[in-house]
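Have the viewer open while you read.

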Amino acid sequence: YVGIHHPGLMGTAPSHELLAKWTKRETDLIKTDPNRVPPLALPPNPDSAILGKLKGADFDRVAKEAARTAPPRENGGNQDIKNFTAGTRVFYPVFVDGANLSFGDLHFSQGDGEITFCGAIEMGGFMDLRVDVIKGGMEKYGVSENAIFIPGRRDPQYSEWIAFSGTSVELGTGKQRYLDSQLSYERACHHAIDYLMKFGYSDIQAYMILGTAPIEGRFSGVVDIPNSCATVYIPTEIFDFNVKPGANGPQHKVKQGIKVPMSKN
């Protein structure tokens with residue numbers, strides 16, 4: 001299928017005040033469970049800092065306070081929005097003179113959530129963009145933090161989907177969680193993986209399909225206590241065989257990358 005090309009990372013530079021705010025709140029979160037695996041957040045780490053042309057004392061000073069770039073924040077950053085395609089208009093708040101707009105992490109295709117972490121199909125490439133400034137725009141539009149964007153219309157348009165739902169009940173333990181939309185989305189993904197495995201995909205292959213194919217992820221219900229409901233939509237047109245359920249069960253099975261008819265037995 002045709003990919004949905006987009007930058008995973010784009011944003012402006014934080015002010016000193018905003019950087020300090022990030023560090024404090026993320027450090028406070030880490031302190032609530034400092035030995036957790038995986039960690040609750042990633043603090044500044046001088047040992048692995050990459051700071052362009054800075055050297056010497058300036059490098060040492062900045063490395064001690066520079067934010068890790070893995071999470072998205074008020075300035076945009078690593079948001080991994082799959083519909084952030086060619087033709088998109090994005091509006092970022094500006095926190096410092098010159099804005100220091102930067103971008104990268106180009107993806108050929110990705111599903112909503114990039115659930116496999118670095119599971120998008122990464123690619124080399126370039127971006128051609130135009131930059132304008134709306135003076136006083138943050139106040140005019142109430143955008144004091146976080147970006148807003150108008151998606152482009154260059155991505156493939158799919159019309160048929162098979163959707164899976166999940167609720168905020170823990171897998172395995174059956175423990176009820178209160179309106180946990182993150183967990184609901186995880187459960188919807190698990191249901192989709194289990195389904196695709198019936199067509200011959202391994203668990204890892206099904207997992208990678210959700211991370212790289214242009215699946216649509218939605219929070220369908222977040223008010224009906226105690227369960228939130230999340231849904232995962234897979235476009236059926238990315239497959240070259242029928243993946244819809246029917247009375248006779250799966251009619252094709254993937255084997256070593258080739259689809260073969262299923263035995264009637």
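What follows is a short briefing, grouped by topic.

This is a predicted model, in which local features need pLDDT of at least 70 and side-chain atom pairs count only at pLDDT 80 or more, while totals for chains, interfaces and linings use all residues. Residues are numbered from 1 along each chain as its sequence is written, and side-chain values use heavy atoms, with hydrogens and water left out.

**Overall picture**

- The chain's secondary structure comes to five helices and twelve strands; helices (H or I, at least four residues) and strands (E, at least two) are DSSP runs, numbered from the N terminus.
- The C-alpha trace spans about 70 × 45 × 40 Å along its principal axes.
- Of the chain's 265 residues, 34% count as buried, where buried means under 20% relative accessible area, exposed over 50%, and partly exposed in between (1.4 Å probe, protein chains only).
- The accessible surface is about 16,800 Å², with 55% of it belonging to carbon and sulfur atoms; areas come from the Shrake-Rupley method with a 1.4 Å probe, and for residues only the protein chains shown count as cover.
- Among contacts (heavy atoms within 4.5 Å) with a separation of 6 or more, 69% are between residues 24 or more positions apart.

**The open sheet around β1**

- Five strands form an open sheet in the order β2-β3-β1-β5-β6, with antiparallel pairing; two strands pair if DSSP finds at least two bridges between them.
- The edge strands, each pairing on one side only, are β2 (72–73) and β6.
- Strand β1 (residues 6–11) is largely enclosed by the rest of the structure, because five of its six residues are buried.
- On one pairing, five bridges join β1 to the antiparallel strand β5 (residues 102–109); here Met-10 has Phe-103 as its bridge partner, and Gly-11 has Ser-102.
- Two bridges also join β1 to the antiparallel strand β3 (residues 76–77), where the bridge partner of Gly-11 is Gly-76.

**The largest nonpolar core**

- This core holds 25 residues, of which Leu-196, Tyr-201, Ile-234 and Phe-239 touch the most other members; a nonpolar core is a set of buried Ala, Val, Leu, Ile, Met, Phe, Trp, Tyr and Cys residues joined through side-chain atoms within 4.5 Å.
- At least two core residues come from each of β8 (161–167), α4 (181–197), α5 (203–212) and β10 (229–235), and α4 gives the largest share, seven residues.
- Which residues does Phe-239 contact, leaving aside neighbours within four places in sequence? They are Leu-196, Tyr-201, Ile-209 and Ile-234.
- Helix α5 has Ala-206, Ile-209, Leu-210, Gly-211 and Thr-212 buried, and their cover includes β5, β6 (121–122), α4 and β10.

- Ser-181 lies in helix α4 and counts as buried at 15% relative accessibility. Apart from neighbours within four places in sequence, Ser-181 is in contact with Phe-219, Val-222, Ser-228 and Ala-230.
- Thr-236 sits in the loop between β10 and β11 (252–255), and its 9% relative accessibility makes it buried. Not counting residues up to four places away in sequence, Thr-236 touches Glu-160, Trp-161, Ile-162, Val-243 and Lys-244.
- Ile-30 belongs to helix α1 (residues 16–31) and, at 18% relative accessibility, counts as buried. With residues up to four places away in sequence left out, Ile-30 touches Leu-40, Ala-41, Leu-42 and Pro-43.
- For two C-alpha distances to Gln-110, Thr-236 is 16 Å away and 126 residues apart along the chain, while Ile-30 is 29 Å away and 80 residues apart.

**A nonpolar surface patch**

- Leu-101, Phe-103, Leu-129 and Val-131 make a nonpolar surface patch of about 320 Å².
- Patches are made of residues with over 30% relative accessible area and no salt bridge, with like charges joined within 9 Å and nonpolar side chains (Val, Leu, Ile, Met, Phe, Trp, Tyr) within 5 Å; a salt bridge is a side-chain nitrogen of Lys or Arg within 4 Å of a carboxyl oxygen of Asp or Glu.
- Is Leu-101 buried or partly exposed? Leu-101 is partly exposed, with a relative accessible area of 34%, and is found in the loop between β4 (89–91) and β5.
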